[in-house]
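Hello,

Here is the structure for you to look through. My notes on it follow below.

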Amino acid sequence: MGEGLELEQLRVVVDGRVLVEGLSLTVDRGETVAIVGPNGSGKTTVLDAVCGLVASSGAIRLGGEDIHGLRPAVRAARGLARSFQTGAPVGTLRVGELVDLALPDGAAPAWALLASAFGRPFEGRRPVGELSTGQRRMLDVALAVGGTPVAVLLDEPVAVLDGRARDAIAARLIELAGGGTCVVVVEHDRDFVSRLATRVVELAAPDEVAA
Amino acid sequence: MVDLPLGIVALGLVQGGLIALGAQALVIAHRHQRAIDLSLPALGAAAGASAGILVTAAGWPFVVAAVCAVAGAAVASALARAAVAPRLQYAPPAVALIATAGIGQVFAAFGSALPFIAGHPAPTYRVDFGVSIGVDRVTLGGGQLLAMVAPVLGLAVFAIWRRTRASLEAEAQSQDPELAATFAVNPRRAAAFGAAVAGVLAATGGVLTVPALGASISAAPAPAVWILFLAPAVLARWRSIPVATIAGVALGVVAQAAQWWTGRAAAGQLVVAAILVVAVAVTRAEPGRAGDVAAASAWRTTVDQSLRRLRSRWAGLVLGVLAVAVVVAASTASVGPARWLGGAAGLAAAATAVALAWMLAGEVFVAAWPLAAIGAVVTAATFATPLGASGALVAAVAVGAALGALCALAGRRGRSAVALVGIALAVAVEAALVTNGAEPPTIEPAGGGAGGVAVACTGVVLLVAALVAVTRSRWGRRAVLVRDDARRAATLGIEPAATRAGALALAGAFAAAAGWLGLVAQPAPVLETFGALRALVPVAMAVAGGLVWSGAGLAGAVVLRAVETAAPGDIAAFGVTGLALLVVLAFAPRPSRAGAVRGGDVDGPSEAALLAARAVYAGHNGHQVLDGVTLESLPGQIVEVRGPNGSGKTTLLRAVAGLHPSTGSVALEGRRVNRIGASGRAGAGIAFVPAERPVFPDLTVAEHCRLARVELTVLRAVGLELRTSALAGTLSGGEQRLLALVLATARRPRLLLADEVFSGLSPARAVVAARLLTELAGKCSAVVVAGHGLPGDLASAAVDLEAPVAHG
């Protein structure tokens, strides 16, 4: 399938520290790429740069279209989805309200994913702030993969989740990739990575430690 | 510039020295509280009044009186801070700001009352120490020279202070109170020391102000005074003491020059207000940190829930309504129901704007009152024209919405910027209308007083209905998501900047409509209504009314209008903010008190176990999470806590660490620790590594070692020995976790509780983490680990938690 997500010479500098240096990566539609590397090698920063949450130089193309200069919300509207290490936002919103906001075009896949991850229907009336760490992470992943994005970026999706939830996420990701979504996963869990990834990209250890 | 006399510059330097001291105090307080402390200017004024009374009425020598006043202020500041710190430590900075304004009103009330108590001493006095220097046509006495050099004293105090352990503890405490507790930092002590140092500087400035500037002993500090201190502190980004000092001195010169050039006090006020707005505008935008967002949201959730619980207590509600009805009946008897209602309607409408800004943008909308004043001015200007009453309303609302959206622009410049711009706006309105002695905005009474009051009351009801509709709408929920986590909202396709601007524009429109309603209800208001101090009243009302529900403004307005009619004048202003403070404190969630124990029937702990946690029950807001769990650990044992997501692994560890309320018995080496708080348990040898935010983002790696009282050499085990000067917030997630783990193990705790230490660690780092845990267990400590990714052979025992029970 055609072009999915393309990064060309991506470079991120924050407060004078080079966090990502000249990363080029092409993820074809339907492909699942795992980004691995030691702590501090800039994996999360790459995802932040693709979403537009940190300033970067280089080119970022989604579906053949340059999205580098666009604001984060516009990139999301073009079909870029993302989950965070911190999980779903803590706050006064209820689970149902958050899912409804995140997936206005239909949230059935997200509810189905949550139900299969926890083995029972997930309560929509609970405030997100009351969920446990694992439940919040699972909810955040469900928000990212509940639609049919062009590309989805997941930051350590299964690190705090148990086996049943991991299986549910893996099944949904295979389903999405089959439909032509580019999947990028940052994850340390080798089993999960080897189960899903068609390709593994390794980032080098940070070299500014020596400086 | 050329013809500015040297004498004016010299006077500017005197005033600048005093401003610099105030700004230094604000910056130090902010470093330790992460909030603007509006009580400090009032504290300084109260100290100045005390010293003045001792000198002029009791005849004490100035130096003795000054030292006593400064010492007294330091103690008062420390006590006040220690009293409120545990209540407010998780509150968003904006709420803490309101609370400090309330404390300030208590100090101000004390300062204003002193001259009456002492029987009206001399209004001011001079101190020369026998020194006098002539500059141009101005003669400077010793007191004025002292004021000029005083900022250097402030710099010295700060230089000494920041080297102390107490200052490090205060910084840690301000960044993450819970984490600080696990480092055995006592929250009250840390807050009190920081407040005392800030209090010394503020009081020194206050004590010198009376003799150096010829200020009146009884002058209560108004927003016009705060603003002088705020601008340099903003320019210093609330961190750099030298920048605050230089900016403060410069501001003094500019303020004196502006007043000299124009010959009007209002011009000086306007210039200073403009400088504050410019200072906010040139500040580099500050990205919100994930930790801040999480802490503030958690606070809001808890306040929301405690209020909901409160409203379900019908008996309390009925009593409250009865009490309010009695006060209202008493106060309407003196002014008449129509005037009473008219006044309440304007206040309630403005408070509705505050409630809206809080619920949808998380901002303290001090600008509500000045925008209402501007709305009244626009109404007065357009009412008599062919546009008529409805045209005037449209014009006022348009102006208010535009100014509200401009406030949102300021909000991108970091914490509390919207509140600061609101204060500047309030001072500017006061300068233009009150100080300048302008005609108050008036309209021809349309259809008589009673008709106007009816229109105003209907308007307020419509505003509240609109507020309810907006907060329940899809757009309102989007605004709440932006408020809680702007980054996440952006990645879900919601524009954070536009949403926030929309929310504040709406709040501005509400505020301007309040001005229109107020004028319709009371066609000829008195000029003092537009004073800057009044700007806090709608904010206080919304806080007193409960902030997170739509009727907040209405409820607050009824109570506070009653207070106001019962006790007019300054006392009302003090009472209003003081009351708001009390309400905030009453609703603010207290940190977990692990001591609230019931159920003493549990068996005593077995002698051999190092940790014995028996029948632990804990829950979140009525959902039972732990149901009689038992966790025991022998010396040298590594226990794994297992269970599916949501089964309460984190809650169990937090309950043992004293961070989550629980019942049941927790004993360490046979000694029950149930009644000891988190910092006490840390001191007794329980270390805790949390799963989220395990380090202080704004402390360096080396400062973490100092706080934990361990040598820098321990960092070698985790490969961080070359990063000692890096801020921990700049480390990657895995590095932060390892840093937290090595600090915890190097302290040689008797018991280590580690939550999710292995998740997010690369395989090489996971080996390091496992080695640290094994080494600690080898030294006869107990280790309890929860979470996923544990190496298979690490744990020697396990506790299984059950899957959560479905509720509702």
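**What was found**

Helices here are DSSP runs of H or I with at least four residues, strands are runs of E with at least two, and both are numbered from the N terminus.

The model is predicted: local features need pLDDT of at least 70 and side-chain atom pairs count only at pLDDT 80 or more, while totals for chains, interfaces and linings use all residues. Residues are numbered from 1 along each chain as its sequence is written, and chains are lettered from A and ligands numbered from 1 in the order in which they are written.

Helix α27 of chain B covers residues 701-708, and V701(B), H704(B), C705(B) and L707(B) in it are buried (20 or more other C-beta atoms within 10 Å of the residue's own, with C-beta atoms placed from the backbone). They lie on the same side of α27(B), because they cover an arc of only 160° around the axis, taken from the directions from the helix axis to the C-beta atoms. The buried residues of α27(B) pack against α6 (165-175) and α28 (733-746) of chain B.

Chain A has seven helices and nine strands. Of its 211 residues, 55% count as buried. The C-alpha trace of chain A spans about 50 × 35 × 35 Å along its principal axes.

Chain A gives 41 residues to the contact and chain B gives 49 residues; two residues are in contact if their C-beta atoms, placed from the backbone, lie within 7 Å. On the side of chain A that touches chain B, α5(A) supplies the largest share, five residues.

Regards

Definitions and conventions
Buried ≥ 20, exposed ≤ 12 C-beta atoms within 10 Å, placed from the backbone.
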